[in-house]
Amino acid sequence: MNILNNTISSFPDTRLRRNRNSDWSRRIVVENNVSADDLILPLFVQEGDNKKTEIDSMPSVQRLSVDLLLEKVSVASDSGIPAVALFPVVPLEKKSEDASEAYNSNNLTSKAVEAIKKDFPEIGVICDVALDPYTSHGQDGLVDDGKILNDETVDVLCKQAVCLAQAGADIVAPSDMMDGRVGQIRKALDSNEKKDVKILSYAAKYASCFYGPFRDAVGSAANLGSADKKTYQMDPANSDEALREVQLDISEGADMVMVKPGMPYLDIVRRVKDNFNIAVLAYQVSGEYAMLKAASQNGWLNEEQAMYESILAFKRAGASCVFTYGAIEIAKKLSKG
Ligand code: PBG
């Protein structure tokens with residue numbers, strides 16, 4: 001027998017509004033909460049000193065040089081945010097077909113990681129592992145005759161991951177969607193004395209239009225041109241396939257898994273959470289942020305409430321933590337109460 005039929009009486013004995021009729025009572029029965037611990041702040045880092053450039057499609061988000069990045073990290077840390085995620089804006093002259101800048105131990109990301117870990121050892125630093133910021137064609141992998149090469153790309157990703165770990169990254173986060181990369185990266189980290197560095201696998205990452213503003217921010221949109229990432233990122237029509245991706249990544253040694261984008265994919269977050277005993281993170285991506293911001297700037301949404309409610313929805317779906325460009329604003333709202 002269905003447990004619901006067995007335990008719920010009906011109106012008028014039951015009135016579900018009774019528990020909702022005062023603030024204290026609503027607080028007693030609340031099922032989910034948001035705290036600063038649930039928020040990870042993605043940051044765009046650029047070369048130079050004292051440089052801050054706005055991103056048109058992402059209001060209130062800037063590309064920051066390392067010195068200014070540190071100020072932002074300080075605010076994040078004071079707001080109780082447990083970790084930041086770094087994304088480099090790589091100048092054109094450092095992009096190449098083979099993405100060799102990705103594993104230059106003196107590259108922009110490595111410098112940013114070193115600077116953050118020196119000044120803020122208590123905050124977690126997450127680094128993306130993918131080649132797109134470094135390739136002249138904007139793809140996440142190496143390309144031969146229009147084809148994205150899997151195994152050759154994985155070799156480069158391993159070098160990139162080791163390089164980031166050596167700079168001090170606490171978590172490496174492969175977001176490239178090549179097959180078999182989690183296991184290879186785990187081996188590479190372990191054989192380079194980095195067995196404690198965690199792998200957050202972007203296990204279910206979809207070929208989504210919601211990454212548009214991000215590609216503007218890191219400058220990969222122009223490189224990518226009219227090409228797409230459909231031969232490696234997942235088809236937005238699929239859901240069972242996400243479970244296979246997650247299963248494989250867990251078997252290869254992923255410590256946490258990510259679903260991305262976030263809000264339009266909360267069904268996937270829930271399915272992953274119900275099927276696996278692992279921390280599921282979700283990414284409220286640039287396009288989702290842009291939508292919330294644009295509507296708020298038009299006066300069509302209350303920004304604070306919309307941002308908060310969106311994160312609460314991630315929690316309800318089963319996410320342990322959310323990457324969001326609004327992390328600092330949300331954490332500040334929480335501390336105000
Ligand atoms: C690159 C990467 C992307 C994002 C994070 N890492 C873009 C892409 O796959 O094209 C998107 C994040 C966002 O939209 O906020 N591998």
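Predicted model: local features only at pLDDT ≥ 70, side-chain atom pairs only at ≥ 80, totals over all residues.

Reply: By class, the shell around the ligand holds four nonpolar, two polar and five charged residues. Here Ala, Val, Leu, Ile, Met, Phe, Trp, Tyr, Cys and Pro count as nonpolar, Asp, Glu, Lys and Arg as charged, and the others, Gly among them, as polar. Among the residues around the ligand are Asp-128, Asp-132, Asp-140, Tyr-211 and Arg-215.

Residues are numbered from 1 along each chain as its sequence is written.

Now the backbone. A cis peptide bond links Phe-11 to Pro-12, with omega about 10 degrees. Another cis bond runs from Lys-260 to Pro-261, with omega near -5 degrees.

Next, phi. Asp-145 has a positive phi, near 55 degrees, and is not a glycine. Asp-145 counts as exposed because it has 5 C-beta neighbours inside 10 Å. The cut-offs: buried means 20 or more other C-beta atoms within 10 Å of the residue's own, exposed means 12 or fewer, and partly exposed is in between, with C-beta atoms placed from the backbone. Glu-193, also not a glycine, has a positive phi of about 60 degrees. Glu-193 is exposed too, with 11 C-beta neighbours inside 10 Å.

Ala-331 is buried, because 23 other C-beta atoms lie within 10 Å. Ala-331 and Ala-76 are 255 residues apart in sequence, yet 8.6 Å apart in space, C-alpha to C-alpha.

Methods: Near = placed C-beta within 6 Å.
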